[in-house]
Amino acid sequence: MKKIFEKGFVLFVTVSVMVTGLALCFTGVYAADNQNNAVTNGTCGNHAAWTYDTDAKELTIKGTGEIKTLNSDYLKKNAEKLIIEEGITEIASGIFAEYNFITVQFPESLKTIDGAAFYGCAKLREIIIPKGVEFIGEDAFGACSGLEKFTILGNIKTEGSLFAGDCPTILEIAGKVDKIGQILLNGEETVLPKKITFINNNPYYKQVGNYVLSGDGTKLLYYIGFADKIEIPESVTIIEDYALFYKGIKQVTFNKKLQKIGDYAFYHNSIKTIKLPKKLKSVGTEAFARNGLRKVKFGKNIKKISKEAFAGDNNIKKISLYNHPKIEAGAFERNVKIKYRGKTEIGGSFALADFVTDGKKKDIKLIVNNTATANGYKVKITQPGTGKKLVVHTKKRKVAMNKKFALKTRKGNDYTLKDKYALYVKVRPYKIVKGKKVYGRWSVKTVIR
């Protein structure tokens, strides 16, 4: 009996010590994880894992595919060096935002850096984007205020600004970058690096003074710095998107060869008067918006004026056009008068067909750009969902719609459609010639929902 008791006591003590030891062990891990957060490894993707060297303050990521998640306040605060090894192809959006990295090393296998991936990494000093990277998302390196040098070795496409107001001191480009002007934007302003250089005998660009041109000199891609007056180089036939965005320009002289002006090309400058060259065929979206423009002279070959190209804080009263270029919605402010010259004497396409309700009669007023030579307008309204159609000729630019299409009251005199089907509206001018209506071209379709 005594032996049995002694054995039982020894077993009890042994089990107690084991349980107590395990409890202490688990308590120690728990304390380390919650008090110091000194966890040294984990997973960060379907096939990606990380390790952390606490002495070297070095975070290393191995594996294949995408780095998806890595939530650790400890690493965010303490890791100073990031090494991503070969095999990783993508870095997810915002994953390393506001980390205290000083250096980052990317693998050649990397293809994509998603938006805001390193946003707010204020201690980063230098970034080298490998040749293999094909896409960098918006603000991927935004608010990295300590960034001194940013090097792009390959050909990349981008999505908006890369730096969000904190450009690197030096920008080096060895490959081809989609829309240089756009990657340097900060809202409605441009943030400039102190120096832009093209390295490794870059064949895609050449720099002439402050102008960054395509390798063959036919495209103006960017202007370095700010200027009151600029002259477009003689070799340029295309001004690319965002090329002269917010540069403080007050006067611009175009060359004779220019054929295309891209989207937002001269957005938010201070140009009051422009004379566009004769060979110019198209003007992009908001290309001259927010300039305070008063006068624009078009050449004979203009074919397309994109939406809001001359809208927004501009004060243009009238324009003259040759023939009938395609004018997209809102290309000019609604009070602009359009006069057509050349072979066709009557008015053509409209910059805008807007709609306002008349509270008393529940009519829809058409507000279109006046055409100086028009005697009236033909309006065509269709509702594909119901098969309803209304065609009206009017001299007063007003069409009663309440009988044909059901309307319902909102606030004030505003009305909307009762049913869910949209209306599609087109308008074109006409002139009475020898007692007959001679028509101009249809406007761009406008949708009422």
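## A loop residue to begin with

Tyr 246 sits in the loop that joins strand 21 (238–239) to strand 22 (251–253); strands are DSSP runs of E with at least two residues, helices are runs of H or I with at least four, and both are numbered from the N terminus. The model is predicted, so local features need pLDDT of at least 70 and side-chain atom pairs count only at pLDDT 80 or more, while totals for chains, interfaces and linings use all residues. Residues are numbered from 1 along each chain as its sequence is written, and side-chain values use heavy atoms, leaving out hydrogens and water.

**Exercise 1.** Describe the phi angle and the exposure of Tyr 246.

*Solution.* Start with the backbone: phi of Tyr 246 is near 50°, a positive value in a residue other than glycine. Next, check the surface: with a relative accessible area of 25%, Tyr 246 is partly exposed. Buried means under 20%, exposed means over 50%, and partly exposed is in between (1.4 Å probe, protein chains only).

**Exercise 2.** Find out how many disulfides the structure has.

*Solution.* Begin with the criterion: a disulfide is a pair of cysteine sulfur atoms within 2.5 Å. A search of the whole structure gives 0. Now take Cys 144 as a case: its closest cysteine sulfur, in Cys 121, is 5.2 Å away, and therefore too far for a bond. Cys 144 is also buried, with a relative accessible area of 1%.

**Exercise 3.** Which residues have the most contacts inside the largest nonpolar core?

*Solution.* A nonpolar core is a set of buried Ala, Val, Leu, Ile, Met, Phe, Trp, Tyr and Cys residues joined through side-chain atoms within 4.5 Å. The largest has 53 residues, and Ile 91, Phe 96, Phe 106, Ile 113, Phe 118 and Phe 141 have the most contacts inside it. Strand 2 (residues 48–53) gives the most to this core, with 3 residues. Then look around Phe 96: leaving aside residues up to four places away in sequence, it touches, among others, Leu 59, Ile 67 and Cys 121, where contact means heavy atoms within 4.5 Å.

**Exercise 4.** What does the secondary structure of the protein come to?

*Solution.* Count the elements: there are 3 helices and 40 strands. To finish, 45% of the 449 residues count as buried.
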